[in-house]
Amino acid sequence: MTSDALDNSVTLCRSCDLVIRKRALPTGVRALCPRCHTQLYDTPYCSLNGMLALCITAIIFFFPANTYPVLELEFLGSMRTTTVLEGALAVYQQGYWIVAIAVMTAAVIAPGILLMSILIQIVIIKHGLQHRLLRSILKQALKLQGLLTQLTMLEIYVISFLVAAFNLADFATVSFGFGTFCFTMLFIMNLFLLREYDLEHMWSFLEK
């Protein structure tokens with residue numbers, strides 16, 4: 001199905017405007033314009049099975065990443081731990097409700113919806129393109145894909161708790177918990193998943 005969809009799609013060279021029919025490429029190969037040799041696209045191009053594996057792995061890490069402590073702080077014999085959700089709640093209780101909403105949206109809500117959206121898209125493309133209702137759901141999911149990608153900012157949260165750990169290291173014993181590992185793995189899986197995801201290619205399945 002993937003190769004067929006690639007064979008039926010075309011792209012426009014950014015430099016010379018030559019219309020070129022896309023082809024599935026072997027690993028490590030990059031497509032160039034035959035007229036001006038401008039780079040068109042390369043291999044990490046929407047392997048549905050690979051994306052499905054990355055998406056399921058990311059979903060598995062999503063729940064412990066948000067429920068287990070990401071940071072453990074020991075100061076004068078007192079141990080404090082916090083999860084992503086507890087961090088957002090603490091910020092809200094201090095009166096910074098806009099920041100708390102931003103944290104919840106960027107680190108929890110948007111990544112969760114994004115992963116479920118991509119999973120639904122892949123399942124529909126593989127098994128449900130003949131059903132009108134499922135095609136409509138796929139269309140709506142593709143329309144929201146850009147917004148969800150922009151709202152998902154796991155990298156900012158990873159950087160923030162690494163900076164916090166560095167700043168607190170002189171005053172207290174800082175260690176990372178199981179949630180840190182899961183959150184980091186979630187960030188890595190999400191990074192590779194979005195690298196493989198190609199919105200234009202996903203739209204091409206609806207045009208068949």
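1. His37 is exposed, with a relative accessible area of 57%; a residue is called buried under 20% relative accessible area, exposed over 50%, and partly exposed in between (1.4 Å probe, protein chains only). His37 sits in the loop between β3 and β4. The phi angle of His37 is positive, about 65°, although the residue is not a glycine. Most residues other than glycine have a negative phi, and most peptide bonds are trans.

2. Residues are numbered from 1 along each chain as its sequence is written, and side-chain values use heavy atoms, with hydrogens and water left out.

3. On confidence, pLDDT is the predictor's confidence in each residue, from 0 to 100. The protein chain has a mean pLDDT of 81, and 90% of its residues reach 70 or more. Confidence is highest in helix α2 (residues 48-67), at a mean of 91, and lowest in helix α1 (residues 2-7), at 48. Over residues 1-5 the pLDDT is below 50, and this stretch has 14 contacts in the model beyond near neighbours in sequence; contact means heavy atoms within 4.5 Å. Where pLDDT is low, the predicted coordinates should not be read in detail.

4. Helices (H or I, at least four residues) and strands (E, at least two) are DSSP runs, numbered from the N terminus, and two strands pair if DSSP finds at least two bridges between them. Strands β3 (residues 30-32) and β4 (residues 39-42) are antiparallel and share three bridges; Ala31 has Tyr41 in β4 as its bridge partner. Six residues lie between β3 and β4 in their hairpin, and His37 is in the turn. Strands β5 (residues 71-75) and β6 (residues 78-82) also run antiparallel, joined by five bridges, with Leu71 partnered by Thr82 in β6. Their hairpin has two residues between the strands, and Leu76 in the turn has a positive phi of about 55°.

5. Asp17 has a positive phi of about 65° although it is not a glycine. This residue lies in the loop between β1 (10-12) and β2 (19-21), and at 52% relative accessibility Asp17 counts as exposed.

6. Apart from neighbours within four places in sequence, Ile118 is in contact with Met51, Cys55, Gln145, Leu193, Leu194 and Tyr197.

7. Thr180 belongs to helix α7 (residues 178-196) and counts as buried at 7% relative accessibility. Leaving aside neighbours within four places in sequence, the contacts of Thr180 are Pro69, Val70, Leu71 and Phe161.

8. Leu89, Tyr92, Trp97, Ile98 and Ile101 make a nonpolar surface patch of about 560 Å². Patches are made of residues with over 30% relative accessible area and no salt bridge, like charges being joined within 9 Å and nonpolar side chains (Val, Leu, Ile, Met, Phe, Trp, Tyr) within 5 Å; accessible areas come from the Shrake-Rupley method with a 1.4 Å probe, and for residues only the protein chains shown count as cover. The largest share of the patch, three residues, comes from α4, whereas Tyr92 lies in α3.

9. One salt bridge is found in the whole structure, the term meaning a side-chain nitrogen of Lys or Arg within 4 Å of a carboxyl oxygen of Asp or Glu. Arg195 forms a salt bridge with Glu196, their closest N and O atoms being 3.8 Å apart. Glu196 is buried, with a relative accessible area of 17%.

Note on methods: This is a predicted model: local features need pLDDT of at least 70, side-chain atom pairs count only at pLDDT 80 or more; totals for chains, interfaces and linings use all residues.
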